[in-house]
Amino acid sequence: MTTALVIENDPAQGLGRAGEWLAEAGMELDTVRPHLGEAVPNSAGGHEALIALGGGRGKDWSDDLSGLMETAVADTTPVFAICSSARMLAAAFGGRVEDRDEPFGPRMLAKRDAAGRDTVFGPAPMTLDVIRWRRQELVELPPEATLLAASPQGALEVFRIRDTAWGVQSHFEFTPEQLAGFGAFDDYALAKAAEVDEHIVATWKPILQRFARVAAGGRKALPVIDVS
């Protein structure tokens, strides 16, 4: 059984349905909840992967989480960072983050050419539906990062640092019902989120399950530019 250390920064922002997708792929999840006083470990030792969730902006343990992700990258432990954790991952390696107040809701991203040989995102569709929900924006990638997907407006949405650490600024793990419960989205955004939800599931479930396979040892780069 492949195991992943999961850092849950906010009780409302767990793995959601992505936890089921990973379990289907044979990944067991070991969740640390610093919001309940549990310590963020210094390394992901004993686990084959690290997953860092959103909701960590400005928390007391933010430096510890950044250090954990840096160590995991140095150890070539596969990392999947979502929302604020993705920005923290980028910032730890020299990326730049700014405050940004833009509307929340569904967005469509386009893959970049560099994603073609990526082990996790290579086989994904050329366009990726996501849910934008953040007050900060990654505006400059670190030198060691590769941009994998961006919005039409140029937002640096999906990236990889070195070979085994992926960051995704937006969300895919929450159902439309969960999004409605957050109280952060207007009726129009919720209606659009419901319309694209089947596409989000169809796209992101295989992405997360490919990450699980990478953690289990499948790290060979794709031999082609893209796979349909």
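Two strands are taken to pair if DSSP finds at least two bridges between them, and strands (E, at least two residues) and helices (H or I, at least four) are DSSP runs numbered from the N terminus. In this predicted model, local features need pLDDT of at least 70 and side-chain atom pairs count only at pLDDT 80 or more, whereas totals for chains, interfaces and linings use all residues. Residues are numbered from 1 along each chain as its sequence is written, and side-chain values use heavy atoms, with hydrogens and water left out.

**Overall build**
- The protein has 5 helices and 11 strands.
- Its radius of gyration (taken over C-alpha atoms) is 16 Å, close to the 17 Å that the globule rule (2.2 Å times the number of residues to the power 0.38) gives for 228 residues, so the protein is as compact as a globular protein of that length.
- The C-alpha atoms fill a box of roughly 45 × 45 × 35 Å along the principal axes.
- Among contacts (heavy atoms within 4.5 Å) between residues at least 6 apart in sequence, 76% join residues at least 24 apart.

- In strand E1 (residues 2-7), 6 of the 6 residues are buried, so E1 is largely enclosed by the rest of the structure.
- On one side of E1 lie Thr2, Ala4 and Val6, and on the other Thr3, Leu5 and Ile7.
- E1 pairs in the parallel sense with strand E2 (residues 27-32) over 6 bridges, and within E2 the bridge partner of leucine 5 is aspartate 30.
- Together with helix H1 (residues 18-24), E1 and E2 make a right-handed β-α-β unit, where right-handed means that, with the strands pointing away from the viewer, the path from the first strand over the helix to the second runs clockwise.

**Strand E3 between E1 and E4**
- Both faces of strand E3 (residues 49-52) are covered, with Ala49 and Ile51 buried on one side and Leu50 and Ala52 buried on the other.
- E3 runs parallel to E1, joined by 4 bridges, and runs parallel to strand E4 (residues 79-82), joined by 3 bridges.
- Isoleucine 51 of E3 stands opposite valine 6 and also opposite phenylalanine 80 in E4.
- From E3 the chain crosses through helix H2 (residues 62-74) to E4 in a right-handed β-α-β crossover.

**Helix H5**
- At the start of H5, a side-chain oxygen of aspartate 186 reaches to within 3.2 Å of the backbone nitrogen of tyrosine 188.
- Glycine 217, whose phi is positive, near 120°, follows H5.

Note on methods
Buried < 20%, exposed > 50% of the residue type's maximum accessible area, 1.4 Å probe, protein only. Polar contact = N/O pair within 3.5 Å; in protein donor to acceptor, adjacent residues only side chain to side chain.
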